[in-house]
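Thanks for coming. I will go through one structure today, and you can follow along on the screen.

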Amino acid sequence: SGTMLELWTHSPKNMKVLKGEYRLPNGYMWSDGMNKYTWQADPITGQSDILQIKTFNPTDVWYGMSPMEAAVYGVDNHNAASKWNYKLLKNGAATTGLLKPKIPEDEEELTPEQAQKLRRHKAARSTGNAAQTAHTLKKTHTYVEMGMAPKDLDWREGKHMSAGEIALVYGVPGQLVDIPDAQTYSNNREARLALWTETVIPIFEMVLGEISVWCSTFYDQE
């Protein structure tokens, strides 16, 4: 009947813009990999049964830019730091290193005894008893550290920095996500107020404005 009855939201990952001329879409296609459905759009006005709400992106007028896309390096760094710390703890908090044997100048390879000690040391590291075995090898081997300890890497500060970048992109005050030294506001109450007035309400008004203008076209109203 041409009357709007319901509004449905679609996941952006399932939607594709059918590009047209003059930066207006010819339509939209929904697909889940097995099924697909297409909605046409007016090539002159862009009017369609689908409303696409996107943020500004000077390099992509069809899809805009997601906040997550702007924060992608911060997200990757934060995830990588968590994975690195997990693997470090799983390895008994031992950083990557190299056992360099002390081979006399007239010898080119390990003696059988040195090779056996090296094998015992490797087995001990996998069972969490590396310190004791390494102590027995101190005269025949030199331990060369090849990785960086969490203290040297400043792992904790790195995670806080990445979290701050992510919060900044989404307009969330850092102190609301417990980032140290991010006390932009005097207290959490002011930070929450800023979150609503500077982030949540503007986004809400943008979405509401887009829907209002779009709906009015179905009823010939401004």
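**Lys-159 and the helix pair**

Leaving out residues up to four places away in sequence, Lys-159 touches His-78, Ala-81 and Ser-82. Please keep in mind that this is a predicted model. Lys-159 itself sits in helix α6. Is Lys-159 buried or exposed? Its relative accessibility is 18%, and buried means under 20%, so Lys-159 counts as buried. Lys-159 is also 20 residues from Ile-179 in sequence, with their C-alpha atoms 9.4 Å apart in space.

Now step back to the whole chain. The protein chain has 7 helices and 5 strands. Read from the N terminus, the order of elements is β-β-β-α-α-β-α-α-β-α-α-α. The chain has 222 residues, and 20% of them count as buried. Take the contacts with a separation of 6 or more: 48% of them are between residues 24 or more positions apart.

Next, helix α2, which covers residues 72–90. How far apart are the end C-alpha atoms of α2? They are 27 Å apart, and this agrees with the 27 Å that 19 residues should span at 1.5 Å a residue.

Which residues of α2 are buried? They are Gly-74, Val-75, Ala-81, Asn-85 and Leu-88. Looking down the axis of α2, the buried residues fall within an arc of 165 degrees, so they line one face of the helix. As background, an α-helix has 3.6 residues a turn, so residues three or four places apart point the same way. On the other side of α2, the exposed residues are Tyr-73, Lys-83, Tyr-86, Lys-87 and Lys-90.

That brings us to the packing. Two packed helices are described by the angle between their axes and the distance between the axes. For α2 and α6, which is residues 155–169, the angle is about 150 degrees and the axes are 8 Å apart. Angles over 145 degrees count as roughly antiparallel, and α2 and α6 are therefore roughly antiparallel to each other. The crossing of α2 past α6 is left-handed. Among the α2 residues that meet α6 are Gly-74, Val-75, Ala-81 and Asn-85. On the α6 side, the residues include Trp-155, Lys-159, Ala-163 and Ile-166.

Ser-48 is in the loop between β3 and α1. Ser-48 counts as buried, because its relative accessibility is 3%. Setting aside residues up to four places away in sequence, Ser-48 touches Tyr-28, Trp-39, Gln-40, Ala-41, Trp-214 and Phe-218.

Key: Residues are numbered from 1 along each chain as its sequence is written. This is a predicted model: local features need pLDDT of at least 70, side-chain atom pairs count only at pLDDT 80 or more; totals for chains, interfaces and linings use all residues. Side-chain values use heavy atoms; hydrogens and water are left out. Helices (H or I, at least four residues) and strands (E, at least two) are DSSP runs, numbered from the N terminus. The expected span of a helix is 1.5 Å times one less than its number of residues. Buried means under 20% relative accessible area, exposed over 50%, partly exposed in between (1.4 Å probe, protein chains only). The arc is that of the directions from the helix axis to the C-beta atoms. Axes are lines fitted to C-alpha atoms, for helices over the stretch in contact, and angles run from 0 to 180 degrees between N-to-C directions. Angles under 35 degrees count as roughly parallel, over 145 as roughly antiparallel, 65 to 115 as roughly perpendicular and the rest as oblique. A crossing is left-handed if the near helix is turned anticlockwise from the far one by less than a right angle, and right-handed if clockwise. Contact means heavy atoms within 4.5 Å.
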